[in-house]
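The sequence and coordinates are shown first.

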Amino acid sequence: MSASIFRKMKSSTEDSAADSSHRPRAIVAGHGDFPGGIVSAVEQISGRGGVFRAISNRGMSGQDIESSLRQASVDDGVRVFFTDLPGGSATLAVRRMMRENPEIVLITGTNLATLLEFVFQSDGDAVAAARRSVEKGRVALGCFGPP
Amino acid sequence: MPIVLYRIDDRLIHGQVVVGWGQPLDIDFIVLVDDNVACCDWEQDLYRMGVPPEMELIFADVAGAIRDHDKYASDHRKGILVTPDIPTMQRLVYGVPYIREVNVGGVHHRAGRTQKLRYVFLAADEEVQLRAMVESGVKVTAQDVPAAREVPMSEVLGDAEPEARTA
């Protein structure tokens, strides 16, 4: 896979976060600029964007997506994945990885509230934090206005 | 015609297919034609998770898809047929003369392939296969999502000048 195709986006503060011993504890993967964008929003609100490594599936085959996620998981030693769309290619790639590694936890339909909950809990058990963050994300979704 | 899109896409079931095309075309079923997936229950379970519950996902190998194409075509619902690669679609097209249009939606980078579009990379033998489909009378175009420009295969392969883009 060429470097031009392998697009790995880090949040703007990931380097500084690494300096302060905040290695990524989860991977955010999905379409287009969604991963980098939502991680930048986490950084803007919490200053903890470095908790996540953002990986876009843009321009990648299914095999390349899986390879990049697998490599990032090994590099960072993380087993928690957040993806955007339940039927998206990043989600399917993680599901493939789960076949070999049942320790992996996957959260799909990720929104900003989900990630914010995770970053404020992720100093302990990342898997437990991921599971709790799902509830926050679910209740954050609302509809206001005329019926 | 119930199959409203014949698509080549190496990701098979993913956001562009299920949502990007599926919603505007009001799709009720997808036929996934892949010899490897057709014989693997685990792979099928994986792809089933990628479609909403109201959408039917049918798995077939190429021989089965050729055999059952009339059944898909007589379905009152609308569907998409997707193959993982160009050779699979070519075999299908040769087996089902009714297929007159093919969409190249995602053939991504791999060793030996050259980039043609942002989402289309082709090896020499794949170019030959696409040309053969075109010469057999099939309209072959590249288009990743409905809102994108439909790119004629002659332009993808460098046989024609790019059409003027519209805003």
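Which residues of helix 3 of chain A are buried?

## Helix 3 of chain A

The buried residues in helix 3 of chain A are A:Gly62, A:Asp64, A:Ile65, A:Ser68, A:Leu69 and A:Ser73; a residue is buried if 20 or more other C-beta atoms lie within 10 Å of its own, exposed if 12 or fewer, and partly exposed in between, with C-beta atoms placed from the backbone. They fall within an arc of 165° seen down the helix axis, so they line one face of the helix; the arc is taken over the directions from the axis to the C-beta atoms. The face turned away from this buried side carries the exposed residues A:Val74 and A:Asp75.

The helix covers residues 62-76, where helices are DSSP runs (H or I, at least four residues) and strands likewise (E, at least two), numbered from the N terminus. Its 15 residues reach 21 Å from first C-alpha to last, close to the 21 Å expected, that is, 1.5 Å times one less than the number of residues. Just after the helix, A:Gly77 takes a positive phi of about 65°.

## Model and confidence

This is a predicted model: local features need pLDDT of at least 70, side-chain atom pairs count only at pLDDT 80 or more, and totals for chains, interfaces and linings use all residues. Residues are numbered from 1 along each chain as its sequence is written, with chains lettered from A and ligands numbered from 1 in the order in which they are written.

The predictor gives the complex an ipTM of 0.76 and a pTM of 0.82. Chain B averages a pLDDT (the predictor's confidence in each residue, from 0 to 100) of 93, and 95% of its residues score at least 70.

## Nonpolar core

The largest nonpolar core has 75 residues; such a core is a set of buried Ala, Val, Leu, Ile, Met, Phe, Trp, Tyr and Cys residues joined through C-beta atoms within 7 Å. Strand 2 of chain B (residues 29-33) gives the most to this core, with five residues. Among those with the most contacts inside the core are A:Phe52, B:Ile30 and B:Val102.
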